[in-house]
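Student: I have a chain open here and want to go through it with you. Can we start with the surface and then move on to single residues?

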Amino acid sequence: MSFSSELKEELSKVSNKNKECCRLSELAGYLITNCNIAREKNEFVLKMTTESASAIRRVYNAFKSFYNVIPVTNIDKQTEGKDTLFELIVSDKDDLQRIFSNSWINIDVSLQIVIDDSNKIKENECCMRSFMRGVFMGGGSIVDPNSSNHLEIVLSSTQN
């Protein structure tokens, strides 16, 4: 397991019983870095893919507790030497409506997930930390500090 994967596993163990605003901030960070909105058969589908079982579990539990949405989860075992991929899918239009009408994210015209204009994440330092935890868990990579220093966060859009 890479240093980055180990760190993400540790971060996923950070208590998620803190304030609701912090939990929403973390979820927003994860969704803007590791979530795609696609159109399939004239329906919108939200998809997330990760190598981290604990991260996908955390998002699954957030959807369940915040929105009463039970996403579909898939496990894709890759060829030898590659990691297992976990996928989370929400395709029900009522579920998608609940998620996007009651969260701190929106969808722009190009189907990119963006932070809500109200930008409540910046109101509290604890929420900003939670947001960055979600961003790193969703799209971050870090090299073991004993070998070199390199942190990378991949965003799917310049609008994030």
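Tutor: Before the surface, one definition: accessible areas come from the Shrake-Rupley method with a 1.4 Å probe. Also keep in mind that this is a predicted model.

Student: Fine. What does the accessible surface of the protein chain come to?

Tutor: About 9500 Å², and carbon and sulfur atoms account for 48% of that area.

Student: And how much of the chain is buried?

Tutor: Buried residues are 38% of the 160 residues in the protein chain.

Student: What is the radius of gyration, and what would a compact globule have?

Tutor: The protein chain has 15 Å. A compact globule with 160 residues would have a value near 15 Å, so the two agree. Along the principal axes, the C-alpha atoms fill a box of roughly 45 × 40 × 30 Å.

Student: Switching to secondary structure. How many helices and strands?

Tutor: Five helices and eight strands. Read from the N terminus, the order is α-α-β-β-α-β-β-α-β-β-α-β-β.

Student: What share of the contacts joins residues at least 24 apart?

Tutor: 62%, counted among contacts between residues at least 6 apart in sequence.

Student: Charges next. How far apart are the mean positions of the positive and negative ones?

Tutor: They are 5 Å apart, for 19 positive and 22 negative charges.

Student: Now S52. Where is it?

Tutor: S52 sits in the loop that runs between strand 2 (43–50) and helix 3 (53–67).

Student: Does S52 count as buried or exposed, and why?

Tutor: S52 counts as buried because its relative accessibility is 7%, and the cut-off for buried is under 20%.

Student: What does the side chain of S52 reach?

Tutor: There is a polar contact with the side chain of E9, at 3.2 Å. The S52 side chain also reaches the backbone nitrogen of A55, at 3.0 Å. With neighbours within four places in sequence left aside, S52 is in contact with E9 and F86.

Student: Then S4. Which element is it in?

Tutor: S4 is in helix 1, residues 3–11.

Student: Buried or exposed?

Tutor: S4 is buried, with a relative accessible area of 8%.

Student: Which backbone nitrogen does the side chain of S4 reach?

Tutor: That of I142, at 2.7 Å.

Student: What else is S4 in contact with, leaving aside neighbours within four places in sequence?

Tutor: Besides I142, S4 is in contact with F136, G140 and S141.

Note on methods. Residues are numbered from 1 along each chain as its sequence is written. This is a predicted model: local features need pLDDT of at least 70, side-chain atom pairs count only at pLDDT 80 or more; totals for chains, interfaces and linings use all residues. Side-chain values use heavy atoms; hydrogens and water are left out. Helices (H or I, at least four residues) and strands (E, at least two) are DSSP runs, numbered from the N terminus. The radius of gyration is taken over C-alpha atoms; the globule rule is 2.2 Å times the number of residues to the power 0.38. Buried means under 20% relative accessible area, exposed over 50%, partly exposed in between (1.4 Å probe, protein chains only). Contact means heavy atoms within 4.5 Å. Lys and Arg count as positive and Asp and Glu as negative; His and the chain ends are not counted. The place of a charge is taken as NZ of Lys, CZ of Arg, CG of Asp or CD of Glu. A polar contact is a pair of N or O atoms within 3.5 Å; within protein, one must be able to donate a hydrogen and the other to accept it, and residues adjacent in sequence count only if both atoms are side-chain atoms.
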